[in-house]
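Have the sequence and the model open side by side as you read.

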Amino acid sequence: MLLPWEYGVRNLARRPMRTLLTLIALATVIMLVFVVVGFIRGLERSLSTSGDEDVVLVYSVNSEENIENSAIAAQIPALLTASVGGTVSRFGMTHVSPELYMGTRVKNELDEAGLGLVRGVTLATPLVRRSVRLVEGDWPQAGEVIVGRLAAAKLGSSEDAITLGKTLEFEGKQWTVSGRFASGGSAYESEIWCRLEDFQAATKRQDLSLVAMLISPEGSAGEVSLFCKERTDLEVRAIRETDYYASLQQHYRPVRLLAWSVVVMVSAAGIFAGLNMMYGAVAGRVREIATLQAVGFRRRAIVLSLVQEGVLLAASGSLLSGVLALTALNGMAVRFTMGAFALRIDSVAILIGCGVGVVLGVVGALPPALKALRSEVATSLKSV
């Protein structure tokens, strides 16, 4: 015969202070799990949404996987357009975007300075970077910039410091913010964009970092790659943009493994903390447990009741942490080496966080319950 469900619920209410402290401890552990899993999911989403299957990047062979270190000749876009077929062209505009991309120190009007990612672009850039949408303001004119949705997080400054009309300073020049853009969570959202010719003049560079080409269905990324291999004097290589960001995912694989290790360690710490608290809770109920055995309840029924209490507490902690994570953590910007990205509390993060919570409830309650039932009933009835 099993104990009534209400018995376990009433037991939680009988010790309100102990129940509250246990709930807070479990919720804190599960919240840490949400933070780490949200970090992993946000990083993965940022890298996975940054690439376009139809875009080919051409950059220096000497830059390895870091486009910031790339430097190619300014005439390469014209050579690619003239030599390689299959590039999308509409209304006389060829969808080829020459870009200068680099990290530089950016300072706002409040004298807050941070390392920003600046990209010099042309009017063809939005045609190639199809995920980018201008959400506020206008396209930059001379001496102006537009900022990504997460640019403030990358700079370590407040959103108010880079709103429309504010001034930024980098490369020895003042720039006025003329607009803001979003890009569906991609890496572009942590960047600052300005006109290519203005950026070249400010940096005193005439070269480029890369060329991005939008390839039509009739075109081929292999044709662009073949051209780059044949023209060894240009010292460039071509790679599909999705493959480039896939290689970055491999580059950040140790970071993700470390983050998952943190999830395991936090969960293990929560289990030990739960064991400690449940041992204390069960130790004070030895006579109660012995009485239940004396009146005819089997040990299995008593164990299930104690586990029920632990699971109820853990489920309540998971629910509380899940609500806080969705309202406070989801979408929170995080600075990273590649720029910035938003924490993502999605269905996978909720499933992992709540799953860890339930495991904490079961594993935390089971060993103390089994230990309490090993004592002789007569001896336990005499305990104080």
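Start with Trp 175, which is buried, at a relative accessible area of 0%; buried means under 20% relative accessible area, exposed over 50%, and partly exposed in between, with a 1.4 Å probe and protein chains only as cover. Its ring and that of Phe 170 are stacked, because their centres lie 4.8 Å apart and their planes are at 5 degrees. Rings of Phe, Tyr and Trp (its six-membered ring) count as a pair if their centres lie within 6.5 Å, with planes under 30 degrees apart called stacked, over 60 edge-to-face and the rest tilted. Phe 170 is buried as well, at 1% relative accessibility.

A word on what you are looking at: this is a predicted model, in which local features need pLDDT of at least 70 and side-chain atom pairs count only at pLDDT 80 or more, while totals for chains, interfaces and linings use all residues. Residues are numbered from 1 along each chain as its sequence is written, and side-chain values use heavy atoms, with hydrogens and water left out.

Next comes Tyr 188 with Trp 193, an edge-to-face aromatic pair with 6.3 Å from centre to centre and 70 degrees between the planes. Both Tyr 188 and Trp 193 are buried. The structure holds six aromatic pairs, and Tyr 59, Tyr 244 and Tyr 245 make up one aromatic cluster.

Tyr 188 and Trp 193 also lead us to Arg 119, since both are among the residues that Arg 119 touches when those up to four places away in sequence are not counted; contact here means heavy atoms within 4.5 Å. Other residues touched by Arg 119 include Leu 100, Tyr 101, Phe 199 and Leu 210. You will find Arg 119 in strand β5 (residues 113–121), where helices (H or I, at least four residues) and strands (E, at least two) are DSSP runs numbered from the N terminus. Is Arg 119 buried or exposed? At 4% relative accessibility, Arg 119 counts as buried.

Now for the charged partners. A salt bridge is a side-chain nitrogen of Lys or Arg within 4 Å of a carboxyl oxygen of Asp or Glu, and the structure holds 18 of them. One of these joins Glu 189 to Arg 149, with the closest N and O atoms 2.7 Å apart. This pair links distant parts of the chain, 40 residues apart: Glu 189 sits in the loop between β9 (173–182) and β10 (191–195), and Arg 149 in the loop between β7 (144–148) and α5 (151–155). Glu 189 is buried, with a relative accessible area of 1%, whereas Arg 149 is partly exposed at 31%. Elsewhere, salt bridges with shared partners tie Glu 99, Arg 119, Arg 129, Glu 191 and Glu 241 into one network.

Within helix α2 (residues 16–50), Glu 44 and Arg 41 are three residues apart, about one turn of the helix. An α-helix has 3.6 residues a turn, so residues three or four places apart point the same way. The side chains of Glu 44 and Arg 41 meet in a salt bridge of 3.6 Å, N to O, and Glu 44 is partly exposed at 24% relative accessible area.

Helix α2 also holds Thr 49, which is partly exposed at 29%. What does Thr 49 contact beyond its neighbours within four places in sequence? The partners are Gly 184, Gly 185 and Ser 186. Thr 49 and Ala 187 are 138 residues apart in sequence, with their C-alpha atoms 8.1 Å apart in space.

Further along is helix α11 (residues 299–329), whose 31 residues should span 45 Å at 1.5 Å a residue; its end C-alpha atoms are 43 Å apart, which agrees. The expected span is 1.5 Å times one less than the number of residues. After α11 comes Gly 331, with a positive phi near 90 degrees.

Finally, step back to the whole chain: there are 13 helices and 14 strands, and buried residues make up 49% of the 384 residues. Among contacts with a separation of 6 or more, 80% join residues 24 or more positions apart.
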